[in-house]
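I opened a new notebook page for this chain. The entries below follow the order in which I looked things up.

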Amino acid sequence: MNRLADEASAYLTSAAHQPVYWYPWGDAAFAAAKAGGKPILLDIGAVWCHWCHVMDGESYEDPSLAAYLNENFVCVKVDRDERPDVDSRYQRAVQALTGQGGWPLTAFLTESGDPFYGGTYFPPDGRFGRPGFRSVLERVREIFTQQRDKVEATATELRGHVAQALSESSPGTPSAEVLSSGAEQMARLFDWRYGGFGTAPKFPHPSACEFLLARWWDTGAPWLREVVERTLSGMARGGMYDQIGGGFHRYSVDERWCVPHFEKMSYDNAELLRCYLHAWAAWRTPLFREIAEGIVAWNFEVMTDAARGGFAASQDADVGLDDDGDYFTWTAEEARAVLDEREWDVAHRLWDIYQNGEMHHNPQKNVLWVARSAEALSSELDVGPSAVRDLIESARAKLKAARSARKTPFVDRSIYVSWNAMMADAFLEAGAILGRNDCTRYALKTLELLWAEGFVPGRGMVHRVPTHDARRPTHDPSHGPWLLDDQVQSAAAFLTAFEHTGDGKWLDRARELTDMMLAFYWDDKEGGFFDAREVSEGFLSARGKPIQDAPTSSPNAVAALVLLRLSIAADEPKFRERAEKLLAAFAGRASELSIHGATYLRALDWLISGECKIVVADTTTSDSLAAPGLAAYRPRKIVIQVSGTPVPGTPAPVALICAGMSCAAPVKTPETLLATLESFARPK
C-alpha cells in the first residue's frame, strides 16, 4: 500500500494498491521533489471517471512503468472533486499548452509546482493517435534535466497566463439589452432538431433553460418556450436520462441525447431537478413532472442516507476497465429474458431494443431511449392507451429488478457541501411543487447536517463533511480548502429553507455566511468574489474570480442571487448594493459568455426586472396560502412567511403580493393567490 491508503477520498484510496509511490497533494510531495531534484507528475482525476480508471489500469498498475516513475518522478494524485481549486488551475495551464483539458489530467511540474508540460489520457503504447506514456515520460525527464532554461521559461509563461485567465471580471454597465442579446446568442446555438445547445458532445445547460424560461414568462415569445421545451423533452426521452432507474447521466456523446457518458453526478441532477420542476410548474407538461419524480426516486434509492442525511457525490459509470456503461445497457436477449411477450412487444419498440445497439465496445448493447410515444404504440399495437402504460411500467419494474442483480457501479458517499446544498435546495422545491413532504423533510435534515458538521465559526463552510464510515479514514475538514462555492450554495439553500419553513434560524445562517463571504472573499479593489479564501503558496497563489458556469453555476453569479434575495428577506439594502457592484464587475464580459453565462444573466435579470415578493401573514393558520405560493412558477419570486402578525382589520390568513413598485390587493384564498401571481405586474 502506498501513501494514499490513509486518505479519505474514494478516488485516492482506489489507487492505494498501485506500485507507484503516490503522494497526496501537500507539502510533503513538493519537499520530496526539491530534495531529489525531480519533476512532479500530477495526475488529477475522479472516482467516476472512466478514462482515469483506464489509465490507472494500463499504466499506473504496470510494475515496470511504476518503477520508472518512482525512480525519476515524484508522483502526486489529486481527486478533482476534493480539490476543485487545484484542478481548475492546472486545467487552465494544460489547456493553454495543448488546447484540451479534461480527466485524467496529466501535468508535469517543476519542484515548486509550476507546470511545463501536460495532457490528458496517455495510452501506454501510442494508440488513438496519442504518444505512448513511457515515451512521454522519457522525453519529459530529458527536457527537465537537459533544457532547464526552457522548462523555467514555459513555467513562467504559464503562471502568468493562468493568473490572468482565472480572473474573469471585466467592468461594465449592466443593462436590459444584455438580457436580450444573451437570449439571442443562446438561440443561435440552439439545435432546433434535437434540442439543446451546440452539437456533439452535448451538455444539459440547465441554467440556460432557467434563464430562457424566465424570459418566456416576461415576454411571451413562443420561440423561447419552444427552445426550453424541446431541450427538456429531448433530454428526457434520450439515453442521457436513465429510463429505468431515473436520474441523468453526465452528458451525451452524440447530438441526439442518445449515448451518454454514464456517470451520474449529484450537481447535474440537482440543477436539472430544479429546472424540470419549474417547467412543470409553468406549463403542466406531464413528462416534466415524470422526470422530476424520477430524479427524486433515484436520489432516495441510491444517493441518500436515511439515518444521517446528506447526498452522495456521484455514481460511477462502470464496474471494470473493459466496461462502458454495461450496467445501464441491454442486449435484446437480456431484456427479452425478463419480460413476457406483451411487455417485450411494447418495451423493445418504446426503448429501441434490437439486435444492433448503440455501444461501440459491444454493438449488441442497447442504450434505452424513447423512440415512440405511448400513444403511437397504442395505435401501432392496437392496444388501449391505459393498457400500454401498464405494460410500460411492468416492463420497467422487471428490467429494474434484473438490473439490480448486476454488479452495481460504485457510489461515492463523500458529502461535498456545495453539491449537497444544491440538491437540498432542489429537494425543498420538489417538496412544494410535487407535494412531497418526504423531500422537504430530507432536505432540512441534510441542511442541518451541513450546519452541524460543516460549519466552522469564524471560517464558514468546509468543502466536505467528515466521513462516518469505518472502512474509510477520517479527515479534518478544517484544514480546507475554503472555497467560495461552498459558502454561496449553502447560503442559497438556507434562504430557500427560510422561504419554505418561515423559521428565522435559516435566515440568520444565510446572513452569517454572507457576511463572512464579504469579509474574506470580496475583492475590495475591483468588486466580485475570489474563488478561494486564502492565498496558497506556489502555483495556487493566483486567486480566481469565476463567472462562467463550468460545469455548475458560477459561484459569483450564485452570490449575486444570494445577495439580492437576502436584501429582501432580511430587509437590508446593503446586500443589494453589493450585488450591483458584483454584477457591474463582470458586465464587460457578459456579451461574450452566452450559455456559459446563464446564471449571471439570471442574476442580472433579477436586478433589472425586479422581484415578486409574496408575504404570507399569520402563518399559524395560513399553510393553504404559503403552499401554493411556493409551488407556483413565477421568475424572481421570494416567499416570506410572517408568523403571528395578521394584517390589521383582515381576518387571517392573508397574502400580499408585490412586484416592482406596486402591490396587489390582499388575497385570502389559494385560487386568488395563483390568479394574482399569474397576472399581476406581468410584462405585456
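**Entry 1**

I looked up strand 15 (residues 612-617) and strand 17 (residues 654-659), and they pair in the antiparallel sense over 6 bridges. The model is predicted: local features need pLDDT of at least 70, side-chain atom pairs count only at pLDDT 80 or more, and totals for chains, interfaces and linings use all residues. Residues are numbered from 1 along each chain as its sequence is written, and side-chain values use heavy atoms, with hydrogens and water left out.

I noted the terms. Helices (H or I, at least four residues) and strands (E, at least two) are DSSP runs, numbered from the N terminus. Two strands pair if DSSP finds at least two bridges between them.

Axes are lines fitted to C-alpha atoms, for helices over the stretch in contact (heavy atoms within 4.5 Å).

I needed one more term here: buried means under 20% relative accessible area, exposed over 50%, and partly exposed in between (1.4 Å probe, protein chains only).

Strand 3 is mostly covered, with 6 of its 6 residues buried. In a regular strand the side chains alternate between the two faces of the sheet. I found Val 74, Val 76 and Val 78 on one side of strand 3, Cys 75, Lys 77 and Asp 79 on the other, and both faces covered.

Strand 2 runs parallel to strand 3 and is joined to it by 6 bridges; Asp 43 has Lys 77 as its bridge partner in strand 3. Strand 1 (residues 23-24) also runs parallel to strand 3, with 2 bridges, and Tyr 23 has Val 76 as its partner.

In helix 3 (residues 50-60) I listed buried residues, including His 50, Cys 52, Val 54 and Met 55. The buried residues of helix 3 pack against several elements, among them strand 2 (40-45), strand 3 (74-79) and helix 6 (133-146).

Asp 485 sits in helix 19 (residues 484-501).

Asp 531 lies in the loop between helix 20 (504-520) and helix 21 (555-569). I wrote it down as buried because its relative accessibility is 14%. Its side chain makes a polar contact with the side chain of Arg 89 (3.1 Å). A polar contact is a pair of N or O atoms within 3.5 Å; within protein, one must be able to donate a hydrogen and the other to accept it, and residues adjacent in sequence count only if both atoms are side-chain atoms.

Pro 551 is in the loop between helix 20 and helix 21. Pro 551 counts as partly exposed because its relative accessibility is 46%. Not counting residues up to four places away in sequence, Pro 551 touches Tyr 267 and Glu 271.
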